[in-house]
Amino acid sequence: MSGPVAPDHGVPSSGEIPGNPVSGPGDSPRNSGLPHGNAVTGGPDEVPLLNIANVLTVLRIALVPVFLAALFVGDGQDTSWRLAATAIFAAAAITDRIDGQLARKYGLVTDFGKMADPIADKALIGAALVGLSMLGELSWWVTVIIGVREIGITAVRFAVIRHGVIPAGRGGKVKTLVQTFAIGVYLCPLPSVVDPVAVALMALAVLLTVYTGLDYVVQAVRLRRGVSST
C-alpha cells in the first residue's frame, strides 16, 4: 500500500490518636491527611503522581517497542503478526482516551500527565509511521512532515514550560484521532480496494498535523508574551 500519505471496625474516631487523623466516610486519601502515592503532604489539593491515569500513559509508551517487534516479523508480510501489531497499536491508542477520561473524572490531572500524554501519543504514532515507511508502505515525506511537526512542538512545549503548561487541545486530539485511524487502516492487512480510503485519511492527517502545529506555536507565543508583560 502506498500513498502520501473501607468499613468501621472499632477504630477510634478522628482525634483520639494524636497525629493520625482518620478519614471519614467519603473522604479521599488526598484529603485524609495521610500520604498517598507520590503526593506531597501539606495540602488538601495535592494529586498523587502515581495514579491510574499516569500509569496508563506510561503503559502506552511501554507498548511501543512491543508493537514494532510484532510489525517487523516476516518483514511485515506475516498476516497473523500484522494483525497482532494492529491490535497492539489499537490497544495502546485506546489507553489515550481512557487515561484522559479518568484524569478529568477523578481529578487526577497532573503536570506530569499533561506532558507525558502527548509525548506518549507522539511515540506511538511516530513509531508506526517510521515502521510503515521502512516497510515501503508509506511515503517517507509523510513520515518526515508529521515527525518534524511532532518533534518541533515537543521542543516548543519544553521551551515554554517555565511560563506554563499548554495541555493538548481539541484540535490536537482530533489530529491524533485521524492519524490513528489512518495508521490503523495502513497496518491492518486489508484488500487493495481499501487503499484509496487509507490515502485520503492520511492526507487529512497531514493537513491537520500542519494546522494544529501552527496553532500550538501561536499559543506558545501568546503565553510567553503574557508572562513577559506581567
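Helices are DSSP runs of H or I, at least four residues, and strands are runs of E, at least two, numbered from the N terminus.

A word on provenance. This is a predicted model: local features need pLDDT of at least 70, side-chain atom pairs count only at pLDDT 80 or more, and totals for chains, interfaces and linings use all residues. Residues are numbered from 1 along each chain as its sequence is written, and side-chain values use heavy atoms, with hydrogens and water left out.

Overall, the protein chain has six helices and zero strands.

Back to H1. Among its buried residues are Ala53, Leu56, Arg60, Leu63 and Phe67. Buried means under 20% relative accessible area, with a 1.4 Å probe, protein chains only. Across the protein chain, 34% of the 230 residues are buried.

Asn51 caps the N-terminal end of H1, with a side-chain oxygen 3.0 Å from the backbone nitrogen of Ala53. That is a polar contact: N or O atoms within 3.5 Å, one able to donate a hydrogen and the other to accept it, and residues adjacent in sequence count only if both atoms are side-chain atoms.

H1 also kinks by about 30 degrees at Leu63, shortly before the proline Pro65. The bend is the angle between axes fitted to the seven residues ending there and the seven starting there.

Technical notes: Buried < 20%, exposed > 50% of the residue type's maximum accessible area, 1.4 Å probe, protein only.
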